[in-house]
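The entry is shown first.

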Amino acid sequence: MEKDRQETLKIGLVGYGRMGRLVKETIEKTSGVECAGIVSPEYNSELGQIGGKLDVIIDFSHPSNLDMIVSYAEKNHTPVVFATTGYSAEQIKEIEQLSQTVPVVYTANFSLGITVFQQVLRQITPVLRDVFDIEIIEKHHKMKLDSPSGTAKMLLQAVEEGREYEKKYGREGFGKRGDEIGIHSVRGGTIAGEHTVLFAGEDEILEITHQAHSRQIFATGAVQAAKFAAGQNPDLYDMNDVLFKKEVTE
Ligand SMILES: NC(=O)C1=CN([C@@H]2O[C@H](COP(=O)(O)OP(=O)(O)OC[C@H]3O[C@@H](n4cnc5c(N)ncnc54)[C@H](OP(=O)(O)O)[C@@H]3O)[C@@H](O)[C@H]2O)C=CC1
Ligand SMILES: O=C(O)C1=N[C@H](C(=O)O)C[C@H](O)C1
């Protein structure tokens, strides 16, 4: 009997803002996981101050915490779920490098809808790109720090698979549209997150939109990703792996 008992995963939570608080509540409602401690100004200033061994780290905070997380994870062989957006290209390399030694789930969006949206884009963009103009529009609450959103960058990456475009971030001035992709960030109120990819052709428009109606989808997905990461070999994973390739490797 004892052999079948699953250990409760001890999660170290970095960031205790809008998302961090919701992730903590979600952990408390989820079986098999517990919040072992929090890194934020009102709790601990680094993961090392949380007592005991952490089984996995979830980070919803700020790019400035990356080095602290990486050095803890490397030293303690702790899997990490990175949810923070706005990392520099060098920081993304650091995350990729970490994934050679510990399991890492890194995604700007934990929702099922956006995961499937990326798959759809990979299928339809090669068919449409030569005749339709492509624009990406994202809308978020006014407290968001980074623009464009991490999700908009992921959608752009899916659209650009097989062909890179010139990017226009917002548009102003005078002149015809070039061979480019426009990326537009709207900020206001409490919008939880909306992403649209618009394909505009001759007399027709195909528009795909994902709306987050609350942040719960991100918190639920992040806890699911933490459970997944804890059972994997070192590698870089995303929500496609978490949602659709669930087998735990030996
Ligand atoms: N991958 C995904 O699915 C999602 C990702 N996100 C991303 O998660 C991150 C956190 O989002 P959210 O919870 O809304 O943000 P908040 O601003 O509400 O919370 C950020 C947290 O990080 C802390 N923090 C630590 N260092 C810094 C610093 N140098 N500057 C600012 N804050 C710092 C804040 O501390 P303090 O309390 O002192 O401000 C706070 O605890 C963002 O990057 C966001 O884009 C958000 C939703 C979904
Ligand atoms: O900051 C947010 O709120 C969100 N950030 C993520 C992003 O940058 O894509 C995901 C989600 O849209 C909410």
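The sections below go from basis to domains to residues.

## Basis

This is a predicted model: local features need pLDDT of at least 70, side-chain atom pairs count only at pLDDT 80 or more, and totals for chains, interfaces and linings use all residues. Residues are numbered from 1 along each chain as its sequence is written, chains are lettered from A and ligands numbered from 1 in the order in which they are written, and side-chain values use heavy atoms, with hydrogens and water left out.

## Domains

The domain assignment, automatic or from a database, gives domain 1 (9–110 + 215–244) and domain 2 (112–211). Their centres, taken over C-alpha atoms, are separated by 27 Å.

Contact (heavy atoms within 4.5 Å) involves 15 residues of domain 1 and 15 residues of domain 2. The two domains bury about 1200 Å² between them, 54% of it on carbon and sulfur atoms; buried area is the accessible area (1.4 Å probe) lost on putting two parts together, summed over both.

## Residue V104

V104 lies in strand 5 (residues 103–106), strands being DSSP E runs of at least two residues, numbered from the N terminus. V104 counts as buried because its relative accessibility is 0%, the cut-off being under 20% (1.4 Å probe, protein chains only). Leaving out residues up to four places away in sequence, V104 touches V80, F82, I95, L98, S99, D235, L236 and Y237. Q232 is 128 residues from V104 in sequence, with 8.9 Å between their C-alpha atoms.

Conventions:
Helix = DSSP H or I, 4+ residues; strand = E, 2+ residues; numbered from the N terminus. Buried < 20%, exposed > 50% of the residue type's maximum accessible area, 1.4 Å probe, protein only.
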